[in-house]
Amino acid sequence: MGQVQSRLTISPTPTKLAWMMHLRMLTTMHGLCEVRQCSKRWKNLCPQTKNLQKCQMSSAGSSEMLQVTVDDKSGIATMTMCRPPVNSLNLEFLTQINIALEKLENSKDCSGLIITSKIPKIFCAGLDIMEMYQPNVDRLQEFWRTLQEMYIRLYGSQLITAAAINGASPAGGCLMAMSCDYRVMAPGYKIGLNETQLGIVAPFWFQDLIINTMGFRQSEMALQLGTLFTSEEALNLGMVDKIVPQEQVMETAIQEIHKWKKIPGFARQITKSALRKPSIDKLHSKREEDIANFRDFITKDSIQKTLGMYIESLKKKAK
Ligand SMILES: CC/C=C\C/C=C\C/C=C\C/C=C/C(=O)SCCNC(=O)CCNC(=O)[C@H](O)C(C)(C)COP(=O)(O)OP(=O)(O)OC[C@H]1O[C@@H](n2cnc3c(N)ncnc32)[C@H](O)[C@@H]1OP(=O)(O)O
């Protein structure tokens, strides 16, 4: 019974049409023709393979930024990020993630999703800061819309989702992990919404997400201080659900999804949707306003100066 899951499919609603137009515009604007081709290739490949379905989506010039495999037997997909050096989320990478999320959501063979990283010691360094520094305004707005899309898709997914956090996970990386249903983390890494430490502000939907995850009081302290928590602290706060040794992170995520799969899918999905819909609807209703706020905030001279200094400090540290 647990295996029979009905899933909300993306119907040709105006939202879907807008998304397709958005993707088409991106492919034109940024030369992402290979993404489109690869997403076609994904469609063609999957039914032909027998057991382990493998999909590799790459954008022009960089191969295998995102690897997606679906285990035929269990229906568990694994999305592995591999965008060196630190899996930072730029426009193209986010677009690939969104395409993969859409495909998995619509695939009748997939019931669970694990997000993890191939880069040693890094889960995801959050947003690519270079997208926000001295930006082209059109691209900056597209970048933010694409990030909003990722959150809406992942937080609202009907799949059972788990983050296998095998490395550092600041800011946008933490957003991605908290958008999943379950988080298992290796010890000795940092996770949190550290935006204020960069002199920027976590937008309302980042704030809603952390509050939904670990409650108001701890979130207001964490958000104002921009705290990056150790894995152990994050466990105590409920930001992550389990800590296991590095080499057991993936297996633990798989076992957890198997556990969740025993619950009747329809009941679980309706419950998840009821709990998460208010936050998602809030972003839907304020989407354009949020993009404009982000653009106006990021393009302020004072914020550009602060970001420039932060980039310098990262570069100095890297030397
Ligand atoms: C009114 C309000 C309205 C709207 C809201 C407004 C604004 C809100 C905007 C945005 C929200 C922001 C969300 C974010 O996600 S911002 C990104 C935050 N991320 C970080 O602060 C992480 C920074 N990185 C690190 O701490 C470390 O790099 C890390 C722990 C991840 C890994 O450390 P490690 O020692 O392994 O590597 P490094 O030597 O530090 O870095 C290697 C290399 O990578 C570059 N790097 C690192 N992080 C980023 C990044 N996020 N983006 C781009 N590039 C990054 C780093 O500079 C090094 O580069 P190089 O010197 O060229 O080798």
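**Entry 1: ligand shell**

I sorted the shell around the ligand by class and recorded 19 nonpolar, 5 polar and 4 charged residues. The model I consulted is a predicted one. In it, 28 residues surround the ligand, and I noted G126, L127, A171, G172 and A318 as the closest. I then looked up which elements contribute: α4 (129–132), β7 (167–170), α12 (287–298) and α13 (301–318) each supply at least two residues of this shell.

**Entry 2: T227**

I located T227 in the loop between α8 (216–225) and β10 (229–230). Leaving aside neighbours within four places in sequence, I found T227 in contact with G192 and A222. I also checked K190, which lies 37 residues from T227 in sequence and 9.3 Å from it in space, C-alpha to C-alpha.

**Entry 3: nonpolar core**

I examined the largest nonpolar core, which holds 75 residues. The members touching the most other members are A162, A164, I165, A177, M185 and I191. For A162, I set aside residues up to four places away in sequence and listed contacts with I114, C180, D181, Y182, V184, A253, E256 and I257.

**Entry 4: α7 and α11**

I looked up how helix α7 (residues 204–214) packs against helix α11 (residues 265–285): the angle is about 175 degrees, and the axes are 10 Å apart. Because angles over 145 degrees count as roughly antiparallel, I recorded α7 as roughly antiparallel to α11. At this contact, W205, D208, L209 and N212 of α7 meet S279, K282 and L283 of α11. I classed the contact residues as 3 nonpolar, 2 polar and 2 charged.

Note on methods:
Residues are numbered from 1 along each chain as its sequence is written. This is a predicted model: local features need pLDDT of at least 70, side-chain atom pairs count only at pLDDT 80 or more; totals for chains, interfaces and linings use all residues. A residue is near a molecule or strand if its C-beta atom, placed from the backbone, lies within 6 Å of it. Helices (H or I, at least four residues) and strands (E, at least two) are DSSP runs, numbered from the N terminus. Ala, Val, Leu, Ile, Met, Phe, Trp, Tyr, Cys and Pro count as nonpolar, Asp, Glu, Lys and Arg as charged, and the others, Gly among them, as polar. Two residues are in contact if their C-beta atoms, placed from the backbone, lie within 7 Å. A nonpolar core is a set of buried Ala, Val, Leu, Ile, Met, Phe, Trp, Tyr and Cys residues joined through C-beta atoms within 7 Å. A residue is buried if 20 or more other C-beta atoms lie within 10 Å of its own, exposed if 12 or fewer, and partly exposed in between; C-beta atoms are placed from the backbone. Axes are lines fitted to C-alpha atoms, for helices over the stretch in contact, and angles run from 0 to 180 degrees between N-to-C directions. Angles under 35 degrees count as roughly parallel, over 145 as roughly antiparallel, 65 to 115 as roughly perpendicular and the rest as oblique.
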